[in-house]
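The structure comes first, and the details follow.

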Amino acid sequence: MRIWRNKRKTDRNEKDQVKDDSFQVLLQQLTESDEFTQFTYASRSSMLCIGYYSSLIDTEILHRDILPYLKELELITSLPNVIPIEEVTLEKNTTVIQDQLLRGHVLIFDTNNLNQVGLAKASVERTRQVTIPEVEFSVVGPKEAFVESLDTNINLVRKRLPLPELIIKELQIGKISKTRVSVLYIEGIANKENVNTVIQRLSELQVDQINDSSYLTQLIQDNQNSPFPQLIDTERPDRIASVLGDGKVAILVDGAPHGLIGPTTFFEFFSAFEDYFLNWTVASFFRLVRFFAVLFSILVTPIYVAVLTYHYELIPKDMLSTLITSRSAIPLPPILEALVLELTIELLREAGARLPTKVGQTIGIVGGIVIGTASVEAGLTSNVLLIIVALGALASFTTPVYQMGNTIRLIRFPFLLMAHYIGLLGVAVSFCFLLIHLLRLSSLGRPFLEPFYPLRVQDLKDSLIRLPFSKQSKRPILEQTEDTVRFNTAKAKEKNE
């Protein structure tokens, strides 16, 4: 019996030795970085060791709320009762200790007892202040946009939805970055299947790092090879608060000033959130203008190439002389002429986007005027095509969501090539392929072309046009929400009367 007890005591000492060794290895690894600060501090009964990353903590918290209280500390186990800080814990796991240090905690341990160490939160938040939206700017409505702090972004959403049913599930993604990702939904409204789909896809990701929400868009969307985004990217907290009430699911990423929304449809990408701040007739008109602008941007240059290459008979007689005069001295065929101008426009866009703001604006205006005028005078392009390409580029800027605008810019080129090879038939074939692709797309398993495919009359009230709020008493069918009713129509009429 004594032998067994001695053996058990020996095994226990070996385990403690292993723990001590692993902690010593962690300390040695931490001290390899010059950023890690470590010093000793005498308490009433022992010698304490303090360690932290200097760039991650607020030194004022350390000297004001931690060090003065350590003088009276007798046992490391009483640390949570001594330090007046909310997050003070005792930990044995070296992996957890390392993770907490890298998130702005201060390490406190007794040099004579390494069975447990203390961790006190003293992190410093270095982030920019909440500013107005830059990508989704609106004349009317709230003027707040997300920032790079996840906690700040959640606060912006929660203050618009002050209810306990707003559930936030946090995950950690990225082997290297260990990025905090939060999934937001409203319990009792959001469909559980949509929520579980998002959480499952996020939790199964095997990646090294997530630096922005756009990474997740590419990784968890249904078809990763499609040029069309299947999740809406937004910088507006009011938009996320609104769609959460419709039963959608939102994703916020620490370090990203944009949130993701799903499931979504193709038509929502052309709906600016400012539409809901305007009268329904004005908002519906602007939406129709955007849809027309998108079709115009995609089709106008390919139709020009197809008509001039194969279908001269479609040109009115009054316009034919103008086109002949404008192209009489141009040595290039219509397809090369169009490609030169389209690529020039894309070069000006990229140059304007990559250069500093003031320089980029100058390049966009002056470069467009100079290059356009010079190309017409040199006889490389016709003035008619120059106007058409400029109008097409202008029409593509009406898309409210930036990612969809990039897609519209891309798909013009296959239309151009097909128009060159087989004329208007090529434009029609390209449009059919585009429509088939959109019909096969889905967002979190929901049809991408809803409410037209499948046809759902109820959801047509907020698609191509927006009907008054009084006509939208039910939530969209797309999300398959648990609570389908927004408000009681009969009671609303009684109050109005």
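## A buried pair across the chain

K248 and E479 join their side chains in a salt bridge, with 2.5 Å from N to O. The term stands for a side-chain nitrogen of Lys or Arg within 4 Å of a carboxyl oxygen of Asp or Glu. K248 belongs to the loop between α8 (237–245) and β9 (249–253), and E479 to the loop between β12 (446–447) and α16 (489–496), so this contact ties together parts that are 231 residues apart in sequence. Helices (H or I, at least four residues) and strands (E, at least two) are DSSP runs, numbered from the N terminus.

Are these two residues buried or exposed? Both K248 and E479 are buried. Here buried means under 20% relative accessible area, exposed over 50%, and partly exposed in between (1.4 Å probe, protein chains only).

## How to read the model

Please keep in mind that this is a predicted model, where local features need pLDDT of at least 70, side-chain atom pairs count only at pLDDT 80 or more, and totals for chains, interfaces and linings use all residues. Residues are numbered from 1 along each chain as its sequence is written, and side-chain values use heavy atoms, with hydrogens and water left out.

## A loop meets a helix

Another salt bridge brings together the side chains of D462 and R287, at 2.8 Å from N to O. This pair links distant parts of the chain: D462 is in the loop between β12 and α16, while R287 is in helix α9 (residues 280–310), 175 residues apart.

R409 counts as buried at 14% relative accessibility, and E350 as partly exposed at 33%.

## Totals and cysteines

How many salt bridges does the structure hold? The count is 27.

For disulfides (a pair of cysteine sulfur atoms within 2.5 Å), the count comes to zero. As for individual cysteines, C49 counts as buried at 5% relative accessibility, while C432 is partly exposed, with a relative accessible area of 45%.
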